[in-house]
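I opened the notebook today to look up how the chain is built and how its parts meet. I go from the whole chain to the domains.

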Amino acid sequence: MKKYLAILCFCFFLSPPSLAMSPRPNVVLFLADDLGYGDLACHGNRYVKAPHLDSFAREAVEFRNFHVSPVCSPTRASMMTGRYSFRTGVCDVYGQATVMDPLEVTVAEVLKAAGYATGLFGKWHLGDDDQHCPNAQGFNESLTFRGAAMRQYFQPELLHNGVAVQPDGYCMDLFTDAAIRFIRENRSRPFFVYLPANLIHAPLQVAPALAADFDALGLTDSTQKIYGMIRSVDDNFGRVRNVLKELGLEENTLLIFTSDNGPCSSSKPVDRHMAGLHGLKGTPYENGIRVPCFMRWPAGFRSPASVTRLAAHIDIMPTILDVCGISKPGGRKLDGRSVLPLLRSPSARWPDRTLFFQWDSGQQPRRGHAFSVLTETWKLVQPVGMDAANQKHIRDRYAELCRLQGRGERSIEGSPRYELYDIAADPGEAKDLSGAHPDIVLKMKQQYERWFTEVTARWYSPRKAVAHP
Ligand SMILES: [Ca+2]
(Lines give C-alpha, C1' and ligand atoms only; values in the text may rest on other atoms or scores of the structure.)
Protein backbone atom coordinates (compact mmCIF):
# COMPACT_ATOMS: atom_id res chain seq x y z
CA MET A 1 0.00 0.00 0.00
CA LYS A 2 2.84 2.38 0.85
CA LYS A 3 4.13 2.00 -2.68
CA TYR A 4 0.82 3.09 -4.18
CA LEU A 5 0.59 6.03 -1.80
CA ALA A 6 4.05 7.08 -2.97
CA ILE A 7 2.93 6.93 -6.59
CA LEU A 8 -0.37 8.68 -5.91
CA CYS A 9 1.26 11.46 -3.89
CA PHE A 10 3.38 12.73 -6.74
CA CYS A 11 0.34 12.93 -9.05
CA PHE A 12 -0.75 16.01 -7.11
CA PHE A 13 2.61 17.62 -7.81
CA LEU A 14 2.82 17.38 -11.56
CA SER A 15 4.87 20.38 -12.57
CA PRO A 16 2.43 23.12 -13.61
CA PRO A 17 4.59 24.59 -16.43
CA SER A 18 4.60 21.36 -18.39
CA LEU A 19 0.84 21.02 -18.07
CA ALA A 20 0.45 24.46 -19.63
CA MET A 21 2.93 23.85 -22.42
CA SER A 22 2.98 21.39 -25.28
CA PRO A 23 1.85 17.82 -24.71
CA ARG A 24 4.03 15.72 -22.47
CA PRO A 25 6.98 14.21 -24.31
CA ASN A 26 7.10 10.56 -25.24
CA VAL A 27 10.02 8.49 -24.03
CA VAL A 28 11.74 5.64 -25.85
CA LEU A 29 14.52 3.90 -23.93
CA PHE A 30 16.46 1.57 -26.22
CA LEU A 31 18.87 -0.58 -24.22
CA ALA A 32 21.36 -2.91 -25.89
CA ASP A 33 22.66 -5.97 -24.04
CA ASP A 34 26.43 -6.49 -23.63
CA LEU A 35 27.25 -3.83 -26.24
CA GLY A 36 30.58 -2.28 -25.31
CA TYR A 37 31.94 1.23 -25.54
CA GLY A 38 34.21 0.22 -28.43
CA ASP A 39 31.50 -1.47 -30.46
CA LEU A 40 30.47 1.67 -32.35
CA ALA A 41 32.16 3.57 -35.18
CA CYS A 42 31.98 6.81 -33.21
CA HIS A 43 34.34 5.19 -30.69
CA GLY A 44 36.81 4.08 -33.34
CA ASN A 45 35.39 0.72 -34.41
CA ARG A 46 36.41 0.25 -38.06
CA TYR A 47 34.41 -2.93 -38.64
CA VAL A 48 30.87 -2.52 -37.33
CA LYS A 49 28.36 -1.17 -39.80
CA ALA A 50 25.64 0.66 -37.91
CA PRO A 51 24.43 3.58 -40.04
CA HIS A 52 21.37 4.34 -37.91
CA LEU A 53 23.28 4.38 -34.64
CA ASP A 54 26.12 6.32 -36.25
CA SER A 55 23.77 9.03 -37.52
CA PHE A 56 22.01 9.15 -34.14
CA ALA A 57 25.41 9.52 -32.48
CA ARG A 58 26.11 12.50 -34.74
CA GLU A 59 22.75 14.14 -33.96
CA ALA A 60 22.28 13.42 -30.25
CA VAL A 61 23.83 14.54 -26.98
CA GLU A 62 26.51 12.01 -26.19
CA PHE A 63 27.49 11.15 -22.62
CA ARG A 64 31.12 10.13 -22.96
CA ASN A 65 31.49 9.28 -19.28
CA PHE A 66 28.40 7.15 -18.65
CA HIS A 67 28.59 4.14 -16.34
CA VAL A 68 26.49 1.10 -15.45
CA SER A 69 26.87 -2.04 -13.36
CA PRO A 70 29.24 -4.77 -14.62
CA VAL A 71 26.30 -7.10 -15.49
CA CYS A 72 22.66 -7.17 -16.63
CA SER A 73 20.10 -7.31 -13.83
CA PRO A 74 21.76 -4.80 -11.49
CA THR A 75 21.90 -2.21 -14.29
CA ARG A 76 18.27 -2.88 -15.21
CA ALA A 77 17.13 -2.48 -11.60
CA SER A 78 18.99 0.83 -11.35
CA MET A 79 17.57 2.15 -14.61
CA MET A 80 14.04 1.26 -13.59
CA THR A 81 14.25 2.71 -10.06
CA GLY A 82 16.99 5.37 -9.96
CA ARG A 83 18.55 3.44 -7.10
CA TYR A 84 21.60 1.27 -6.50
CA SER A 85 20.49 -2.29 -7.20
CA PHE A 86 21.52 -3.59 -3.76
CA ARG A 87 18.70 -1.51 -2.30
CA THR A 88 16.22 -3.28 -4.60
CA GLY A 89 17.16 -6.90 -3.88
CA VAL A 90 19.13 -7.33 -7.11
CA CYS A 91 22.84 -8.15 -7.16
CA ASP A 92 23.34 -10.96 -9.65
CA VAL A 93 22.23 -12.38 -12.99
CA TYR A 94 21.07 -15.78 -11.78
CA GLY A 95 18.37 -17.12 -9.49
CA GLN A 96 16.69 -15.21 -6.69
CA ALA A 97 19.22 -12.38 -6.80
CA THR A 98 17.73 -11.11 -10.08
CA VAL A 99 14.28 -10.71 -8.54
CA MET A 100 13.52 -7.07 -7.75
CA ASP A 101 11.49 -6.16 -4.69
CA PRO A 102 7.95 -5.63 -6.02
CA LEU A 103 7.58 -2.69 -3.64
CA GLU A 104 10.20 -0.76 -5.60
CA VAL A 105 8.62 2.05 -7.62
CA THR A 106 9.62 1.78 -11.28
CA VAL A 107 9.75 4.61 -13.77
CA ALA A 108 7.00 2.78 -15.68
CA GLU A 109 4.71 2.84 -12.63
CA VAL A 110 5.22 6.56 -12.17
CA LEU A 111 4.60 7.32 -15.84
CA LYS A 112 1.58 5.02 -16.00
CA ALA A 113 0.02 6.75 -13.01
CA ALA A 114 0.57 10.09 -14.78
CA GLY A 115 -1.39 8.89 -17.82
CA TYR A 116 1.33 7.42 -20.02
CA ALA A 117 0.85 4.28 -22.06
CA THR A 118 3.72 2.03 -21.01
CA GLY A 119 5.17 -0.90 -22.93
CA LEU A 120 8.18 -3.19 -22.52
CA PHE A 121 9.42 -5.14 -25.52
CA GLY A 122 12.50 -7.26 -24.80
CA LYS A 123 14.54 -8.39 -21.82
CA TRP A 124 13.21 -7.65 -18.33
CA HIS A 125 15.41 -9.91 -16.15
CA LEU A 126 14.03 -8.65 -12.82
CA GLY A 127 11.66 -11.51 -11.91
CA ASP A 128 9.11 -13.51 -13.86
CA ASP A 129 6.26 -14.46 -11.56
CA ASP A 130 2.93 -12.65 -11.21
CA GLN A 131 4.24 -10.27 -8.57
CA HIS A 132 7.53 -9.33 -10.22
CA CYS A 133 6.80 -9.46 -13.96
CA PRO A 134 6.68 -6.28 -16.12
CA ASN A 135 2.87 -6.11 -16.13
CA ALA A 136 2.93 -6.01 -12.32
CA GLN A 137 5.64 -3.35 -12.34
CA GLY A 138 4.04 -0.60 -14.38
CA PHE A 139 3.84 -1.82 -17.95
CA ASN A 140 0.45 -1.90 -19.70
CA GLU A 141 1.88 -4.27 -22.26
CA SER A 142 4.91 -6.55 -22.31
CA LEU A 143 6.52 -8.92 -24.77
CA THR A 144 9.39 -10.53 -22.94
CA PHE A 145 10.96 -13.86 -21.92
CA ARG A 146 11.95 -15.59 -18.73
CA GLY A 147 15.29 -15.04 -17.04
CA ALA A 148 18.54 -13.90 -18.60
CA ALA A 149 18.55 -15.35 -22.10
CA MET A 150 16.49 -17.34 -24.54
CA ARG A 151 17.64 -20.66 -25.87
CA GLN A 152 16.76 -19.79 -29.44
CA TYR A 153 16.59 -16.41 -31.12
CA PHE A 154 14.62 -17.65 -34.13
CA GLN A 155 11.05 -18.65 -33.31
CA PRO A 156 11.74 -17.66 -29.70
CA GLU A 157 9.66 -18.70 -26.71
CA LEU A 158 8.17 -15.43 -25.47
CA LEU A 159 5.60 -14.15 -23.00
CA HIS A 160 3.01 -11.66 -24.20
CA ASN A 161 1.44 -10.10 -21.12
CA GLY A 162 2.39 -13.30 -19.31
CA VAL A 163 0.94 -15.68 -21.88
CA ALA A 164 3.34 -18.04 -23.66
CA VAL A 165 3.69 -17.41 -27.40
CA GLN A 166 6.15 -18.62 -30.02
CA PRO A 167 5.95 -16.36 -33.06
CA ASP A 168 7.86 -16.87 -36.30
CA GLY A 169 10.78 -14.56 -36.77
CA TYR A 170 13.96 -13.29 -35.12
CA CYS A 171 13.78 -12.01 -31.54
CA MET A 172 15.06 -8.49 -32.21
CA ASP A 173 12.67 -8.00 -35.14
CA LEU A 174 9.74 -9.35 -33.12
CA PHE A 175 10.36 -7.06 -30.16
CA THR A 176 10.67 -4.09 -32.50
CA ASP A 177 7.51 -5.06 -34.43
CA ALA A 178 5.60 -5.07 -31.14
CA ALA A 179 7.11 -1.74 -30.04
CA ILE A 180 6.20 -0.13 -33.36
CA ARG A 181 2.65 -1.46 -33.15
CA PHE A 182 2.42 -0.03 -29.62
CA ILE A 183 3.70 3.37 -30.78
CA ARG A 184 1.17 3.48 -33.62
CA GLU A 185 -1.69 2.50 -31.29
CA ASN A 186 -0.73 5.15 -28.74
CA ARG A 187 0.36 7.91 -31.10
CA SER A 188 -2.25 10.35 -29.77
CA ARG A 189 -1.28 10.07 -26.08
CA PRO A 190 2.04 10.18 -24.27
CA PHE A 191 3.84 6.85 -24.19
CA PHE A 192 6.88 5.22 -22.64
CA VAL A 193 8.46 2.47 -24.69
CA TYR A 194 11.22 0.45 -23.02
CA LEU A 195 12.98 -1.62 -25.67
CA PRO A 196 15.67 -3.64 -23.91
CA ALA A 197 17.16 -5.66 -26.76
CA ASN A 198 18.45 -9.10 -25.84
CA LEU A 199 21.21 -8.59 -28.42
CA ILE A 200 24.17 -8.81 -28.51
CA HIS A 201 24.04 -11.25 -25.60
CA ALA A 202 24.84 -14.94 -26.17
CA PRO A 203 23.78 -17.32 -27.68
CA LEU A 204 25.39 -15.88 -30.78
CA GLN A 205 22.55 -16.60 -33.18
CA VAL A 206 22.14 -14.22 -36.06
CA ALA A 207 20.91 -14.36 -39.65
CA PRO A 208 23.94 -15.47 -41.71
CA ALA A 209 23.44 -12.55 -44.10
CA LEU A 210 24.06 -10.05 -41.29
CA ALA A 211 27.37 -11.66 -40.31
CA ALA A 212 28.52 -12.43 -43.86
CA ASP A 213 29.93 -8.95 -44.51
CA PHE A 214 32.65 -9.56 -41.97
CA ASP A 215 33.94 -12.75 -43.65
CA ALA A 216 36.66 -11.01 -45.57
CA LEU A 217 37.95 -9.00 -42.62
CA GLY A 218 39.77 -11.84 -40.90
CA LEU A 219 37.73 -11.60 -37.70
CA THR A 220 37.06 -14.60 -35.47
CA ASP A 221 33.76 -16.36 -35.94
CA SER A 222 32.37 -15.10 -32.62
CA THR A 223 33.27 -11.49 -33.34
CA GLN A 224 31.70 -11.75 -36.81
CA LYS A 225 28.48 -12.92 -35.20
CA ILE A 226 28.62 -10.22 -32.52
CA TYR A 227 29.11 -7.55 -35.16
CA GLY A 228 26.29 -9.09 -37.20
CA MET A 229 24.03 -8.85 -34.16
CA ILE A 230 24.94 -5.17 -33.81
CA ARG A 231 23.67 -4.74 -37.37
CA SER A 232 20.34 -6.19 -36.25
CA VAL A 233 20.25 -3.79 -33.30
CA ASP A 234 21.05 -0.97 -35.70
CA ASP A 235 18.41 -1.96 -38.27
CA ASN A 236 15.75 -2.10 -35.58
CA PHE A 237 16.83 1.11 -33.89
CA GLY A 238 16.48 2.70 -37.33
CA ARG A 239 12.98 1.24 -37.75
CA VAL A 240 11.85 2.75 -34.45
CA ARG A 241 13.30 6.12 -35.31
CA ASN A 242 11.70 6.08 -38.76
CA VAL A 243 8.27 5.40 -37.28
CA LEU A 244 8.67 8.30 -34.86
CA LYS A 245 9.56 10.51 -37.84
CA GLU A 246 6.71 9.18 -39.99
CA LEU A 247 4.15 9.89 -37.25
CA GLY A 248 5.56 13.34 -36.58
CA LEU A 249 6.49 12.32 -33.04
CA GLU A 250 10.28 12.59 -33.10
CA GLU A 251 10.30 16.28 -32.19
CA ASN A 252 8.65 15.67 -28.82
CA THR A 253 10.17 12.28 -27.98
CA LEU A 254 13.10 11.73 -25.64
CA LEU A 255 15.00 8.94 -27.39
CA ILE A 256 17.78 7.25 -25.43
CA PHE A 257 20.24 4.63 -26.65
CA THR A 258 22.58 2.94 -24.19
CA SER A 259 23.80 -0.48 -23.02
CA ASP A 260 23.64 -2.49 -19.80
CA ASN A 261 27.31 -3.49 -19.41
CA GLY A 262 30.54 -3.90 -21.35
CA PRO A 263 31.47 -6.46 -24.00
CA CYS A 264 30.81 -10.03 -23.02
CA SER A 265 33.24 -12.88 -22.73
CA SER A 266 31.45 -14.93 -25.41
CA SER A 267 33.58 -13.05 -27.91
CA LYS A 268 37.36 -13.47 -27.84
CA PRO A 269 39.01 -10.16 -26.97
CA VAL A 270 41.67 -10.78 -29.61
CA ASP A 271 39.80 -8.86 -32.32
CA ARG A 272 37.07 -7.01 -30.41
CA HIS A 273 37.64 -3.28 -30.60
CA MET A 274 37.75 -1.85 -27.05
CA ALA A 275 38.53 1.82 -27.63
CA GLY A 276 41.61 1.60 -25.43
CA LEU A 277 39.66 0.56 -22.34
CA HIS A 278 40.62 -2.25 -19.96
CA GLY A 279 38.41 -5.03 -18.60
CA LEU A 280 35.32 -6.92 -19.76
CA LYS A 281 31.70 -7.44 -18.77
CA GLY A 282 31.64 -8.66 -15.19
CA THR A 283 34.68 -6.67 -14.08
CA PRO A 284 34.61 -3.23 -12.42
CA TYR A 285 37.23 -1.89 -14.86
CA GLU A 286 36.12 0.72 -17.39
CA ASN A 287 35.38 -1.67 -20.24
CA GLY A 288 32.98 -3.50 -17.93
CA ILE A 289 31.07 -0.42 -16.82
CA ARG A 290 31.56 2.49 -19.26
CA VAL A 291 29.05 2.21 -22.10
CA PRO A 292 27.76 4.30 -25.00
CA CYS A 293 24.93 6.66 -24.10
CA PHE A 294 23.08 9.04 -26.41
CA MET A 295 19.97 11.13 -25.77
CA ARG A 296 17.92 13.32 -28.09
CA TRP A 297 14.77 15.39 -27.59
CA PRO A 298 14.54 18.09 -30.27
CA ALA A 299 11.72 19.98 -28.48
CA GLY A 300 13.63 20.03 -25.20
CA PHE A 301 17.33 20.61 -25.78
CA ARG A 302 19.78 21.36 -28.53
CA SER A 303 21.93 18.68 -30.06
CA PRO A 304 24.42 17.50 -31.12
CA ALA A 305 26.54 18.02 -28.06
CA SER A 306 29.00 16.11 -25.95
CA VAL A 307 28.87 15.76 -22.18
CA THR A 308 31.98 14.71 -20.32
CA ARG A 309 30.57 14.90 -16.80
CA LEU A 310 30.09 11.64 -14.90
CA ALA A 311 26.63 10.12 -15.28
CA ALA A 312 25.21 6.65 -14.68
CA HIS A 313 22.33 4.18 -14.86
CA ILE A 314 20.85 5.58 -11.63
CA ASP A 315 20.30 8.89 -13.46
CA ILE A 316 17.97 7.44 -16.12
CA MET A 317 14.77 7.42 -14.06
CA PRO A 318 15.22 10.91 -12.54
CA THR A 319 16.07 12.27 -16.00
CA ILE A 320 12.99 10.76 -17.64
CA LEU A 321 10.72 12.11 -14.90
CA ASP A 322 12.33 15.55 -15.12
CA VAL A 323 11.87 15.62 -18.91
CA CYS A 324 8.22 14.60 -18.49
CA GLY A 325 7.61 17.21 -15.77
CA ILE A 326 6.66 14.58 -13.21
CA SER A 327 7.84 14.57 -9.61
CA LYS A 328 9.86 11.72 -8.23
CA PRO A 329 8.05 9.20 -6.04
CA GLY A 330 8.18 10.10 -2.38
CA GLY A 331 9.24 8.05 0.59
CA ARG A 332 12.42 6.57 -0.82
CA LYS A 333 15.95 7.64 -1.57
CA LEU A 334 16.85 7.96 -5.23
CA ASP A 335 20.59 7.66 -5.76
CA GLY A 336 20.55 9.18 -9.23
CA ARG A 337 20.16 12.75 -10.37
CA SER A 338 18.44 14.23 -13.43
CA VAL A 339 20.96 15.05 -16.15
CA LEU A 340 18.53 17.43 -17.87
CA PRO A 341 20.68 20.46 -16.87
CA LEU A 342 23.61 18.87 -18.74
CA LEU A 343 21.40 18.05 -21.70
CA ARG A 344 20.38 21.70 -21.89
CA SER A 345 23.93 22.94 -21.36
CA PRO A 346 26.90 20.57 -21.20
CA SER A 347 28.78 23.24 -19.24
CA ALA A 348 26.02 23.67 -16.65
CA ARG A 349 27.03 23.77 -13.00
CA TRP A 350 27.26 20.15 -11.97
CA PRO A 351 28.80 19.07 -8.66
CA ASP A 352 30.96 15.97 -8.99
CA ARG A 353 29.77 12.81 -7.27
CA THR A 354 31.25 9.62 -5.93
CA LEU A 355 29.58 6.60 -7.55
CA PHE A 356 29.89 2.89 -6.75
CA PHE A 357 29.80 -0.22 -8.94
CA GLN A 358 29.98 -3.81 -7.74
CA TRP A 359 29.25 -7.34 -8.90
CA ASP A 360 30.66 -10.40 -7.25
CA SER A 361 28.37 -13.13 -8.64
CA GLY A 362 27.02 -14.07 -5.25
CA GLN A 363 23.38 -14.50 -4.30
CA GLN A 364 23.59 -11.59 -1.92
CA PRO A 365 25.93 -8.60 -1.71
CA ARG A 366 29.30 -9.37 -0.14
CA ARG A 367 31.31 -6.56 1.37
CA GLY A 368 34.54 -5.78 -0.44
CA HIS A 369 34.10 -8.12 -3.38
CA ALA A 370 34.96 -6.82 -6.86
CA PHE A 371 33.97 -3.16 -6.79
CA SER A 372 34.99 0.26 -8.00
CA VAL A 373 34.54 3.77 -6.62
CA LEU A 374 34.41 6.49 -9.24
CA THR A 375 34.64 10.26 -9.39
CA GLU A 376 35.53 12.43 -12.35
CA THR A 377 39.11 12.52 -11.13
CA TRP A 378 39.91 9.28 -9.38
CA LYS A 379 38.89 5.65 -9.63
CA LEU A 380 39.54 3.02 -6.98
CA VAL A 381 39.33 -0.57 -8.25
CA GLN A 382 39.27 -3.74 -6.19
CA PRO A 383 38.84 -6.32 -9.00
CA VAL A 384 39.09 -9.52 -6.97
CA GLY A 385 36.26 -11.44 -5.42
CA MET A 386 33.76 -12.64 -7.97
CA ASP A 387 33.15 -16.34 -7.75
CA ALA A 388 35.82 -17.17 -10.31
CA ALA A 389 35.02 -20.87 -10.24
CA ASN A 390 31.47 -20.17 -11.43
CA GLN A 391 32.65 -17.46 -13.77
CA LYS A 392 35.49 -19.37 -15.40
CA HIS A 393 34.79 -17.85 -18.81
CA ILE A 394 35.20 -14.32 -17.45
CA ARG A 395 38.34 -15.28 -15.54
CA ASP A 396 39.90 -16.91 -18.60
CA ARG A 397 38.97 -14.12 -21.00
CA TYR A 398 40.25 -11.52 -18.56
CA ALA A 399 43.61 -13.30 -18.33
CA GLU A 400 43.70 -13.43 -22.13
CA LEU A 401 42.90 -9.72 -22.35
CA CYS A 402 45.73 -8.87 -19.94
CA ARG A 403 48.21 -10.75 -22.09
CA LEU A 404 46.90 -8.98 -25.20
CA GLN A 405 47.14 -5.57 -23.56
CA GLY A 406 50.67 -6.28 -22.32
CA ARG A 407 49.76 -6.30 -18.63
CA GLY A 408 51.33 -9.65 -17.84
CA GLU A 409 49.70 -12.28 -15.66
CA ARG A 410 46.89 -10.48 -13.89
CA SER A 411 43.94 -12.20 -12.35
CA ILE A 412 40.58 -11.55 -10.76
CA GLU A 413 41.28 -14.34 -8.26
CA GLY A 414 43.29 -14.26 -5.06
CA SER A 415 43.62 -11.66 -2.33
CA PRO A 416 41.94 -8.27 -2.67
CA ARG A 417 44.09 -5.57 -4.21
CA TYR A 418 43.42 -1.87 -4.43
CA GLU A 419 44.36 0.03 -7.56
CA LEU A 420 44.00 3.78 -8.01
CA TYR A 421 43.74 5.50 -11.37
CA ASP A 422 43.75 9.11 -12.47
CA ILE A 423 40.70 8.24 -14.53
CA ALA A 424 40.42 11.59 -16.30
CA ALA A 425 43.96 11.31 -17.67
CA ASP A 426 44.15 7.51 -17.82
CA PRO A 427 40.79 6.03 -18.88
CA GLY A 428 42.67 2.91 -20.00
CA GLU A 429 43.56 2.20 -16.33
CA ALA A 430 47.17 1.55 -17.26
CA LYS A 431 49.05 3.28 -14.43
CA ASP A 432 48.22 2.28 -10.86
CA LEU A 433 48.87 5.26 -8.58
CA SER A 434 47.82 3.62 -5.32
CA GLY A 435 51.40 3.62 -4.00
CA ALA A 436 51.75 7.36 -4.58
CA HIS A 437 48.41 8.33 -3.02
CA PRO A 438 47.65 6.09 -0.03
CA ASP A 439 45.52 8.87 1.48
CA ILE A 440 43.16 8.88 -1.50
CA VAL A 441 42.97 5.07 -1.49
CA LEU A 442 42.06 5.13 2.19
CA LYS A 443 39.43 7.83 1.74
CA MET A 444 37.76 5.99 -1.17
CA LYS A 445 37.83 2.68 0.71
CA GLN A 446 36.05 4.39 3.60
CA GLN A 447 33.49 5.87 1.21
CA TYR A 448 32.87 2.38 -0.17
CA GLU A 449 32.43 0.94 3.33
CA ARG A 450 29.82 3.56 4.21
CA TRP A 451 28.03 3.08 0.88
CA PHE A 452 27.93 -0.70 1.22
CA THR A 453 26.58 -0.49 4.76
CA GLU A 454 23.85 1.89 3.67
CA VAL A 455 22.65 0.14 0.51
CA THR A 456 22.59 -3.30 2.13
CA ALA A 457 20.97 -2.22 5.40
CA ARG A 458 17.88 -3.99 4.18
CA TRP A 459 18.23 -6.89 1.75
CA TYR A 460 15.11 -8.05 -0.05
CA SER A 461 14.84 -11.78 -0.53
CA PRO A 462 11.93 -12.96 -2.63
CA ARG A 463 11.68 -16.14 -0.56
CA LYS A 464 11.15 -14.17 2.62
CA ALA A 465 9.95 -10.66 1.93
CA VAL A 466 10.77 -8.09 4.61
CA ALA A 467 8.75 -5.04 5.58
CA HIS A 468 9.53 -1.99 3.52
CA PRO A 469 10.80 0.98 5.55
CA1 LIG B 1 24.11 -7.65 -20.24
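I first looked up the secondary structure and found 14 helices and 16 strands in the chain, taking both as DSSP runs numbered from the N terminus, helices being H or I of at least four residues and strands E of at least two. I note that this is a predicted model, in which local features need pLDDT of at least 70 and side-chain atom pairs count only at pLDDT 80 or more, while totals for chains, interfaces and linings use all residues. Residues are numbered from 1 along each chain as its sequence is written.

Next I checked the overall dimensions, and the C-alpha trace spans about 60 × 55 × 45 Å along its principal axes.

I then looked up burial: 51% of the 469 residues are buried, that is, have 20 or more other C-beta atoms, placed from the backbone, within 10 Å of their own.

For the domains, I read domain 1 as 25–344 and domain 2 as 355–455, with bounds from an automatic or database domain assignment. Counting residues as in contact if their C-beta atoms, placed from the backbone, lie within 7 Å, I find 29 residues of domain 1 in contact with 32 residues of domain 2. On the side of domain 1 that touches domain 2, α5 (85–88) and α10 (286–289) each supply at least two residues.

Note on methods
Two residues are in contact if their C-beta atoms, placed from the backbone, lie within 7 Å. A residue is buried if 20 or more other C-beta atoms lie within 10 Å of its own, exposed if 12 or fewer, and partly exposed in between; C-beta atoms are placed from the backbone.
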